[in-house]
Amino acid sequence: AAEAEAEAEAEAQSMSEAVAAELLPAARAAVEAAEEGAGRFRVEAAGGCEGEVAAHEAALEQSRTSISLAEARLDEAEAGLAALREAAEAAAAAAEQEFFEPDADDVLDENFPPGRRRFEPRQLTEAEEAAVSEILQPGNPAEKLIEINNTPITRKDIATLKPLEWLNDEVINCFVELLRQHASEAEQAGEPLPKVHIFSSLFYTKLAESPEYTYGNVRRWTKRAKVDLFSRDLVIVPINQGNSHWTLGLINLRQKRFEFIDSMHGSDGGRLAVLRRYLKDEHQDKKGAPLDLGEDWVDISYTAADGTPRQTNGFDCGMFMSRTAEYLVRDAVLDFTQADMPNLRRRMVFELSQKALTD
């Protein structure tokens, strides 16, 4: 039995080895085929993924291109919007400058200062600034730099337009000539500005301080100027007070007012009474009849409460007086300040050198 069992076991082992020998190659072949199939699957799968990745990358690039185009169009739209805003602001500024409508209370207030238009003096260009700096260079004080209406302006005269300097009569009177020229050209062009006559800085001194009021000293002034004061809306009188302070007197024929404008907001000191007396004498002399300046004619000395410009130093009174006269010629609101003086000084140098006012 034991031997039979051993034989059976040996036979079974032999059969197992035979079966294994027969089946193993097939199994190995199957494994190899599976591995080959798996490799092909991996390659195919990888190729498919790469295709999808490439498709996604192409779509992403297209999206980026669309975003770039959208951003460019947005930039164009923003630039167009900025240009529209700038144009709207310019139009609004032009409209505001064209005409200033006072409040109803101001219209009824006899102390409302003259001037209805907004005027914003432009900054000088770089080239203009360079020209001004050249004119203000040190040199021979007697050298004649400019001549306006037979009045020369020397280097010494123009130097009074440097900071911290008092303006002298030559500079002021030449600037007055520019104001006359501007007013005349505006009137001839039919511009809706007041008809103005401006006296020189010597007029008031000749009228009231030689050594006292003497109409005969100035009787021929309007005849020589070929002007009828009573055809004017406004007569502007620069006043040099004691050779130490510049102020401005106005004969406002349009509104029947004698006005005094002082950048230090002082009182008129009787100067409006002088102008009132002068207007009566002028009317009697030129029209041959007395002039009734009754209750409807008023005297006004402007104060800080009236909003007229105020200087805050001791040397810019000539600038304030001159620029007030300019604003009145332009029918502009008196809204400049002490902070504007440095620019306005250099602007006046340029205007004198060009023999004309600038915008």
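Buried means under 20% relative accessible area, exposed over 50%, and partly exposed in between (1.4 Å probe, protein chains only). The model is predicted: local features need pLDDT of at least 70, side-chain atom pairs count only at pLDDT 80 or more, and totals for chains, interfaces and linings use all residues. Residues are numbered from 1 along each chain as its sequence is written, and side-chain values use heavy atoms, with hydrogens and water left out.

View 1. Asp75 belongs to helix H1, which covers residues 2–98 (helices are DSSP runs of H or I with at least four residues, strands runs of E with at least two, numbered from the N terminus). Asp75 counts as partly exposed because its relative accessibility is 48%. Together with Glu71, Glu76 and Glu78, Asp75 forms a negative surface patch (residues with over 30% relative accessible area and no salt bridge, like charges being joined within 9 Å; a salt bridge is a side-chain nitrogen of Lys or Arg within 4 Å of a carboxyl oxygen of Asp or Glu).

**View 2. Ser263 and its contact with Gln311.** The loop between strand E6 (257–261) and helix H8 (271–287) holds Ser263. Ser263 has a relative accessible area of 6% and is therefore buried. Its side chain makes a polar contact of 2.5 Å with that of Gln311 (a pair of N or O atoms within 3.5 Å, one able to donate a hydrogen and the other to accept it; residues adjacent in sequence count only if both atoms are side-chain atoms).

**View 3. Met319 and Trp166.** Met319 is part of helix H9, residues 317–329. With a relative accessible area of 0%, Met319 is buried. Met319 and Trp166 are 153 residues apart in sequence, and their C-alpha atoms are 8.4 Å apart in space.

Conventions. Patch = residues over 30% accessible without salt bridge, like charges linked within 9 Å, V, L, I, M, F, W, Y side chains within 5 Å. Areas by Shrake-Rupley, 256 points an atom, 1.4 Å probe, with all protein chains shown as cover. Lys, Arg positive; Asp, Glu negative; His and termini not counted. Charge placed at Lys NZ, Arg CZ, Asp CG, Glu CD.
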